[in-house]
Amino acid sequence: MWKEAFRKNPKLALALIPLIAGVVLLQSRIDPLRSQPAIEPPSIKNVLTGTKGGQLPGEFILGAFSGFRQVIAGLLWVRCDSFFHQGNYDAILPLIRMITWLDPNWMDVYATGGWHLMYNFTDTDQRSDRRYLVPGLSLLNEGIANNPKVYDMYKEKGWNCFDKVKDFSEAAVAYRGALANDPKANTTQVMHALAHSLERSGDIDEAIAVWGQAREAHLKEAASSKDNSQTDSQGAQSAGKNLSLLKIRKAVRPANMQQPIDTQVRVKVKRLASRQIEISGTINIFGTLGNPYFDAGTFDKTGTEIATIGKGVIADGPRDGARMEFRLEDEGYKMVLPTNFDLQVDPSVTIMQDQASIKGGRRVRKGEPYTVLQKNQNMADQRITDSGVYGFSEAQAATLGGIPAAQAVASGAITALAKRMLVNLSYPRAYGKPGVYSEAEVNQFFVQLRGDSLKLGDLGKQNIFIAQKDLLVPGNFTRKIDMTQDPQMYGFVKDKYELVLWFNPRTAPDFVQDRMGWNGEGITDKKYLVETTEPYPWIEHKGAALKPVRMIRVTIKLTKEQLTAPGEAILFEG
Amino acid sequence: MNAINVIARSTISEAMRKKILNAFLMVGFAMIVLTFAFQQFSARQELTLVKGMGLGIISLAGIFITVILSINLIPQEIERRTIYTILAKPVRRYEFLLGKYFGALGTIALNIGLMGIAFVIALAVKQIGNPAAVNPLLMLKGVLMIYMQLVLLCSLAIFFSCFLSPLVNFFLTLALFMIGNLSSFTQDLAKTGGNALVKGFFTVVHYLVPNFGNFQFTNPLLQPDVQVKSEAAFLTQNCIYAVVYASVLLILSVLIFDRREV
């Protein structure tokens, strides 16, 4: 039939030759355009083999390979959502694997998947399963590799490194990647976060530079955009404020940290039962006594010009708000990222990470005010706390031999700091008003206080006394860890473990850093102070060396027997 | 040309009488339902799902309309013996065949066009007040690619209908459609196959089997943040590819149909 057909109409048959050549030529030109990740990603082929963590259910394979991969990806995402609401977290992971193969440009799936892996797998006490940080970061790295020109994936990785992994230098690398690869990178989401990451990495000069660039970028965007001008104006204001504060802190902190604080860390680790431990201890964490005691000076809010820099910390003292962090892990564990994303976590690895608030630190020196707490009171009233006056229990107060504040004011037997504290308590600075009282203002208000019987009466009602002796109560922390309920997460397969407790000044609140430094310049401790470029030894850094930090780190070697044996025992005290 | 025109128009009106537009109505209804289906997701994710599903539904409906319509065009005329009446008139066989083909294309264009318009309107309504809104008319690029894919599919089905029964044609056309969608695999195998024979075989398969996978342009429409290199060239070359390949299949169809005993 064919032969006859061609023979009967040879001219038409000959016309096929150039047309077929045209088809081949066109296909050879379409192939390279089609194989770009934005149109047809190479990873779709993985769904057939299913060798790397998941295999597409049979009912979907036909659809995926008939040109409906986005539809299948959408259906799988809907299924993911229902699994999420059912709390069936394990079922979500292979689906996320499939969806990112089917549609590697669907960045919401990478972002949600990364977050899900790093945050949602927890033990019964809501402690994250840190083993999932490895697949979580690998997934985000894959997202970046598949979408290298879009800032979203860099931003997601940056945030997870910053917030969850606490790898601030890697976060900064990710945010820089966003800026380098996508001119449309959101200034607030990327540049602000980069500046914060640099500050936490100890790279203050770079952080200052980035805040300046962020401010400029906001102003430029505000000038060119009609819709987002308000957002950008606020962004510029925020960047300018941060820029000013950082410049001020850079200028004042060296002087404020001249005399390092001896943290005098004491730690006790007790086994309560098999796989149950209690970590407790004390530590001196000092910070600015409060807002009325941080003298920033007068400065331009735009951050471009600083008129007069103040003294910084006028008065310091123990502060609540910092955290002692701890991690129990296999001895020598390193968080190594695989080349390719793999859902599996190593079941033989045991990692427990948690933290405890450091609180209850108090100090009073001779001639300074304090208040006596009532029996049912844990802390002083907010107004008293805000003015920097500590509250002591009746038992503690009994050792101080205090005299009523009104009596001390009349006699003048108080220190200059005490004058300021009483003035701040009796005549608090208007809310939101910047700056602190000058020496002249303090003296003026103090004279006023002397003649103000109403205010003096208030001091009496508030149980304010002036100490005749010094007293320092260190901050304390305590945490019970129960690892009996989650045997899969805490397998205790290995024989040797390390329990690491640390206080890293880079993650401390600003008011603590003001006294103890960005890099721990204001810290000392006879036993547990370390100066290191690896604040978290389990994180592998491949890039440039990190800025050194002085931090408190207590490393305790433990055995499986010590952790899993029944009954109570003191595992460490020192 | 007049004969082709007349046959094409009668093919369209005949297809309409078969209530093929019911498919459009169902798909249009599906579109409206779809826009309310994913409200539990964030605005951006919801839009991704609506766009992906919408284009998928249009494509799926289009494939079935095209295959079912095309495989029956010629065999039905022969079975009903109406072809004798037509060919007895001054109508050449190739005119009859091309008339049928263009009639099918017109019917498909009508359906795909109406579905596309319904989709764009549904999307525009859905996007009111949505911060992640994109220009809904951009979706027409996807609809165009679906149509060009169906132009090629229709010519393939017509080609097979010249010498195969409708049942065999149905499965063969769908099988080739799927193989054509796997063209990225055949491309890989052509490059990395074990020996020269295997490489040569897959090279021939890759270049000669109609590459229906070429027309997948959904991804850039769903993910507007990703950047496509040479988008205009990609779309244009695909349109030309569909027309040239369809011409090859139509010439083969004419050659065979000319010799076929009816």
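Biologist: How confident is the predictor in chain A, and where is confidence lowest and highest?

Modeller: This is a predicted model. Chain A has an average pLDDT of 89, and 94% of its residues score at least 70. Within chain A, helix α3 (residues 46-49) has the lowest confidence, with a mean of 56, whereas strand β3 (residues 276-283) has the highest, at 98. Local features need a pLDDT of at least 70.

Biologist: What makes a residue of chain B part of the side that touches chain A, and how many residues are in contact?

Modeller: The criterion is that the C-beta atoms of two residues, placed from the backbone, lie within 7 Å. On that basis, 52 residues of chain B are in contact with 47 residues of chain A. The elements of chain B that give two or more residues to this side are α3 (43-80), α7 (166-181), α8 (183-192), α10 (218-222) and α11 (231-259). The largest share, 16 residues, comes from α11(B). By class, the side of chain B that touches chain A has 26 nonpolar, 21 polar and five charged residues.

Biologist: Why is α2(A) called roughly antiparallel to α11(B)?

Modeller: Two packed helices are described by the angle between their axes and the distance between the axes. Helix α2 (residues 10-34) of chain A and α11(B) have axes that come within 9 Å and cross at roughly 155°. Angles over 145 degrees count as roughly antiparallel, and α2(A) is therefore roughly antiparallel to α11(B). The crossing of α2(A) with α11(B) is left-handed. Their contact comprises 20 nonpolar residues, five polar ones and one charged.

Biologist: What makes β9 and β19 of chain A edge strands?

Modeller: The open sheet has five strands in the order β9-β8-β17-β20-β19 (chain A), with antiparallel pairing. The strands β9 (351-357) and β19 (529-532) of chain A each pair on one side only, and are its edge strands. Direction ignored, neighbouring strands of this sheet are turned by 30° against each other on average.

Biologist: How do you know that the neighbouring strands of this sheet pair?

Modeller: Pairing requires at least two bridges. Strand β8 (residues 323-330) and strand β17 (residues 496-503) of chain A run antiparallel and are joined by six bridges; A:F326 stands opposite A:L501 in β17(A). Eight bridges link β17(A) and β20(A), also in the antiparallel sense, and A:E498 has A:K557 in β20(A) as its bridge partner. Four bridges join β19(A) to strand β20 (residues 549-559) of chain A, again antiparallel; there, A:T532 has A:V549 as its bridge partner.

Key:
Residues are numbered from 1 along each chain as its sequence is written. Chains are lettered from A and ligands numbered from 1 in the order in which they are written. This is a predicted model: local features need pLDDT of at least 70, side-chain atom pairs count only at pLDDT 80 or more; totals for chains, interfaces and linings use all residues. Ala, Val, Leu, Ile, Met, Phe, Trp, Tyr, Cys and Pro count as nonpolar, Asp, Glu, Lys and Arg as charged, and the others, Gly among them, as polar. pLDDT is the predictor's confidence in each residue, from 0 to 100. Axes are lines fitted to C-alpha atoms, for helices over the stretch in contact, and angles run from 0 to 180 degrees between N-to-C directions. Angles under 35 degrees count as roughly parallel, over 145 as roughly antiparallel, 65 to 115 as roughly perpendicular and the rest as oblique. A crossing is left-handed if the near helix is turned anticlockwise from the far one by less than a right angle, and right-handed if clockwise.
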